[in-house]
Amino acid sequence: MYRDARGLDLTTTSEEAATQFNAAVDHYFAYRTDVNDLAKAVLAADPAFTMGHVFRGYLMMQFGSAAMAPAARKFLGAAEERAAGATRRERMHVEALRAWTGGRLEDADRHFESILDDHPRDLLAVRMAHYNYFWLGDRENLRRVAERVLPAWDDTLPGYGYLLGMAAFGREECGAYREAEAAGRRAIELNPGDHWATHAVAHVMEMEGRHRDGIEWLDGLKAHWEGCNNFTNHLWWHRAMYHWELEQYDAVLDLYDHRFRNDPSDFYLDIQNAVSMLWRLELRGFDVGGRWEELAEKSRLHLNDLQLPFSDMHYVMALLRVGDRAGARRIIEAMREYGLKDTTYAPVVKAVSLPVAEAMASFTEGRFGETVDRLLPLRGELHRAGGSHAQRDVVTLTLIEAALRAERHELASALLDERTRARPTSPGSWRAYARVLAAANDPAAHRARAKGEALLKASHVAG
């Protein structure tokens, strides 16, 4: 019996397996590219190591792809065969993986929470629950699962910064921006290469409209991203988001082409990044050229995935933008069938992601009033599809643009009044507000336009 880096028992007779397991978990939190190689080394050292199989199953599930589901189930089966001699904590991890692979995320999270009741230093359990709560749009538990175990930790424990990073992101999604930034910055003091903490603070700056601060924050940490996996692309996407808000569209496309879409992978987060950015640019009337084609090609590899509702929406969006209505419709119909199943995500698909996908189809086909009618009732439900406030904002932006194009000026005005209050430093929001006020012959249009122009001018001076 050996122990992990935080003193938890590991049922293995191999010191090498325990050492490689600790390294694999640490590199997982660090988003290193060698995580899978380390995870393989764990099982090479001890094929009977239950947590080695569980960990590999977790990695397969986090690919968010139906193609990886059989591998996840294979590792589950191997873990189950070896679980009898494992500790109770390790057996609960097996149960969590069983529930997760079966589509029962609430059950998986209950197992993770039970583990933490007795073992609050089980960082892997915290992270797996944090991951699932994020894609379930459960921001309260996203925050709570990290904060509940903080009293059992201090900065002498390996991985303490990673825990702070999770707490920071949960706080940001709950609107506790000052507490989030403080925790994220403390995590970065402990480890400047902590991607999740970097990401949490970037979100704070996005939500507070601190675009120049965000650019400086990411620029100051990018030297620590070498050797890290695709999540680095998401950090570059955040950098591009700041430029998009500042209407610096050439800078956005430069980052798209050379940073976060220079490697045209079909990993779900990479596709989300790219689709949402091109969609945002086109909403602003910016020509993105032929960039949709390869995204549609990659999205066709996921026609029957149905692993993450938020991803399915983005696959549909990519196919719509190249005119592949048949491909888009195939995913939409698969979503409709999936909505009838008995899984955690099924009611989310039926009530949220399916109608969003149908609304995006309506928008692409010029049926703007229909788009509004589909999206407006979902405003308070969008979080259920998963993703962050910043990521889901592409849907809200589409609703606003559809209202403008449908000449539903009163609604567009109300939405933009709300947006400019929430994001008072966004030039694009003020300029859109001026557009709708002018259409209604409202004298406030001049003030809104002047505000947008002043913000835009200030951003270029600062840049």
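**Rings and a helix**

Modeller: The count comes to 23 aromatic pairs. Rings of Phe, Tyr and Trp (its six-membered ring) pair if their centres lie within 6.5 Å; planes under 30 degrees apart are stacked, over 60 edge-to-face, and the rest tilted. This is a predicted model: local features need pLDDT of at least 70, side-chain atom pairs count only at pLDDT 80 or more, and totals for chains, interfaces and linings use all residues. Residues are numbered from 1 along each chain as its sequence is written, and side-chain values use heavy atoms, with hydrogens and water left out.

Colleague: Why is the pair of Tyr 249 and Phe 286 called tilted?

Modeller: The ring centres are 5.3 Å apart and the planes are at 50 degrees, so this pair counts as tilted.

Colleague: Where in the chain are Tyr 249 and Phe 286?

Modeller: In distant parts, 37 residues apart. Tyr 249 is in helix α14 (residues 249-260), and Phe 286 is in the loop between α15 (268-283) and α16 (292-299). Helices here are DSSP runs (H or I, at least four residues), numbered from the N terminus.

Colleague: Is Tyr 249 buried or exposed?

Modeller: Buried, at 12% relative accessible area. Buried means under 20%, exposed over 50%, partly exposed in between (1.4 Å probe, protein chains only). Phe 286 is partly exposed, at 22%.

Colleague: What about Phe 267 and Tyr 268?

Modeller: They form a tilted pair, 4.7 Å centre to centre with 55 degrees between the planes. Phe 267 is partly exposed at 22%, while Tyr 268 is buried at 5%. Both belong to one aromatic cluster, whose members include Tyr 31, Trp 135, Trp 196 and Phe 310.

Colleague: Which charged ends sit over rings?

Modeller: Lys 74 has its charged end over the ring of Phe 75, 4.7 Å from the centre. Arg 284 does this over Trp 244, at 3.7 Å. The rule wants NZ of Lys or CZ of Arg within 6 Å of the ring centre and within 35 degrees of the ring normal.

Colleague: New topic. Which residues of α18 are buried?

Modeller: Gly 327, Ala 328, Ile 331, Ile 332, Ala 334, Met 335 and Tyr 338. They cover an arc of only 160 degrees around the axis, so they lie on the same side of α18. That arc is taken from the directions from the helix axis to the C-beta atoms.

Colleague: And what's exposed on the other side?

Modeller: Arg 325, Ala 326 and Glu 337.

Colleague: What covers the buried residues of α18?

Modeller: The cover includes α17 (309-321) and α19 (346-364), with contact meaning heavy atoms within 4.5 Å.

Methods. Helices (H or I, at least four residues) and strands (E, at least two) are DSSP runs, numbered from the N terminus.
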